[in-house]
Amino acid sequence: MSSGKAFQEMFQGNNERRLVKIFRKLATGVGSISLPRGFSLRSISWREISWRSLIGKSLLVVFLLFSLLLIGSSTALMGTLAAVFWVGLAGVVVSYLYARFAGYTVFSVGLGLMLVMYFLAPLVFKVTGVNLVNKWQFYVMIFAVGGLGSGMRLLQQSQTFRWSMGALAVFLMLTLISTLFAGRSKYDAGLYQFLSNVKPVLIILVGFAVAEMKGSEGLVWRVVKTLWLPMLLLMVFQWGAPNLYSKVFKFPGVPPVEYFGIFPSRGMGIFEHPSFASTFGALMSLYCFAVARSDPDRKSQAVVFAVLYFIIMLGGGGRGELISYLFAAFCIALVGSKGRSLGQMFMIVLVVGIVSSVAYFVYKESFAEEALMWGASASGQIEHPRAQLYDGAIYIANKYWPLGSGLGTYGGAGSFNFDMSMYYELGFNSFWWFAAGENYIMDIYWHNSIAEAGWFGFCALLIHYLLLGFYAAGKFRAESDVRASALWALAFSGVVFNLLNSLTSPAFQDPRLFFFPAICIGLALKCSERGVAK
């Protein structure tokens, strides 16, 4: 093609896109360009060239260069913290743009990011020491609004669920009354503790919101298939190269104690504390156990995953988690045993009894030592930190009979963050563990409700969780859809697991420990509805 013909084509179109195409053709090896006859610069309609487009592209290039300079300089000055911030910001922007082009709403994008942050927040803390968990809990409270409509409908439809929420309302009302009459609460501590008390039900509402997302019924199964590998790899890294692990994950380092005598230390996986790893492993193993029982198509996979997550639970080294797991698995087998003969049910009970007996004889010395620290000796002296916290709660409940000492005074997040005066009055500062702070003071659950709401408030809260468990158990037993049945099993067994584990664990106090059982109520309901619709 001659250059003269090329320019003739260019003037025929008067179009910027064709101009670019012609110059590309001219750039493919033309040695010299001969201009056509009559050619003049005046003959070009320069107004047809999009100057706005050129200016916009130039500004974009300048913005990108400035952004790279800002990212590079801030990373050089602030190190890992800045790098994590920019990577997170980029992830948010990319996720938002993808979701908008894919047709998702901003609310659903936020829910998705909240679910991702459940796993990323502890990793960020382990590397940088920046605690994003509190921010994550704040987002949980925001997105709970999206589940209010479904929650109100469930209150109208289910009497058991309504009674459960009624018991919770009684507990919350008693805490407010005790706060007014005891006269010990500080405003900020009381408000913080009240919000902490409603976290479990807010997570249930989040589950209703998540259930509206497309493909939500497969969420837990996708988590199961994805998280086992990084959990095990990080545990093996911790056990195989503890010094290098401590350099990479500086916060909080390697836990020194491992109770089972199987592994070098208590494994943490992606989490910042072994208890979270144990709880996560236990809950995912319980879910896989339920899938293996109800879904023939996924049975072989579910059995393998159940074993892998059981190993993760053992790797976390939690004795309370192991006992709670065995009892919750027994409850799944018993409640879900519709159509089974008495002989089969007897075998289930027998297997659980044998496993429990073996565990007792293997670790009976450890159990005996623990019992002595809890005051089982002839002197009755209490030495265990958890037992001392319970002892303090009982003293407060009796002193401030009948409604307790009020919100934000003892045993909860409110008192820990804003008002520790009750601990000093009771002489807790003389205990060796008191200086360690949250690792001990927030290590159990029920001492908070006993002290702040009294015995009546404690009973109301316990009834709330028992009725919630009964509701999930009834739905699990009656469900015919295999996917919904497994989700109901996790909701039910998760309540059982956390109830038993709450004696020696924060359980419901930390929303991450109750997160998956709580959201499964909404997921299972929506899965049941979709199954009926099909």
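Here is a short tour, from the whole chain to single residues.

Reply: This is a predicted model, where local features need pLDDT of at least 70, side-chain atom pairs count only at pLDDT 80 or more, and totals for chains, interfaces and linings use all residues. Residues are numbered from 1 along each chain as its sequence is written, and side-chain values use heavy atoms, with hydrogens and water left out.

Me: How many helices and strands are in the protein chain?

Reply: Helices (H or I, at least four residues) and strands (E, at least two) are DSSP runs, numbered from the N terminus. The protein chain here has 24 helices and zero strands.

Me: What share of the protein chain counts as buried?

Reply: Buried means under 20% relative accessible area, exposed over 50%, and partly exposed in between, with a 1.4 Å probe and protein chains only. Of the 534 residues, 45% count as buried.

Me: Which residues have the most contacts inside the largest nonpolar core?

Reply: A nonpolar core is a set of buried Ala, Val, Leu, Ile, Met, Phe, Trp, Tyr and Cys residues joined through side-chain atoms within 4.5 Å. The largest one has 123 residues. Val220, Phe280, Met284, Phe516 and Ile521 have the most contacts inside it. Helix α22 (residues 446–478) gives the largest share of this core, 13 residues.

Me: What is Phe516 in contact with?

Reply: Contact means heavy atoms within 4.5 Å. Leaving aside neighbours within four places in sequence, Phe516 is in contact with Tyr118, Phe119, Val220, Val223, Phe280, Met284 and Leu490.

Me: At what angle do α15 and α23 pack?

Reply: Two packed helices are described by the angle between their axes and the distance between the axes. Axes are lines fitted to C-alpha atoms, for helices over the stretch in contact, and angles run from 0 to 180 degrees between N-to-C directions. Helix α15 (residues 319–335) and helix α23 (residues 482–501) pack at about 145°, with their axes 8 Å apart. The residues making this contact include Phe327 and Ile332 of α15, and Phe492 and Val496 of α23.

Me: Which peptide bond is cis, and where is a positive phi found?

Reply: Most residues other than glycine have a negative phi, and most peptide bonds are trans. The bond from Trp401 to Pro402 is cis, with omega near 5°. Ala507 has a positive phi of about 45° although it is not a glycine. Ala507 sits in the loop between α23 and α24 (511–533).

Me: Are Trp401, Gly404 and Ala507 buried or exposed?

Reply: Trp401 is exposed, because its relative accessible area is 54%. Gly404 counts as buried, at 4% relative accessibility. Ala507 is buried too, at 0%.

Me: Where is Trp401, and what does it touch?

Reply: Trp401 is in the loop between α18 (385–399) and α19 (413–418). Not counting residues up to four places away in sequence, Trp401 touches Trp455 and Phe456. Gly404 lies in the loop between α18 and α19 as well.
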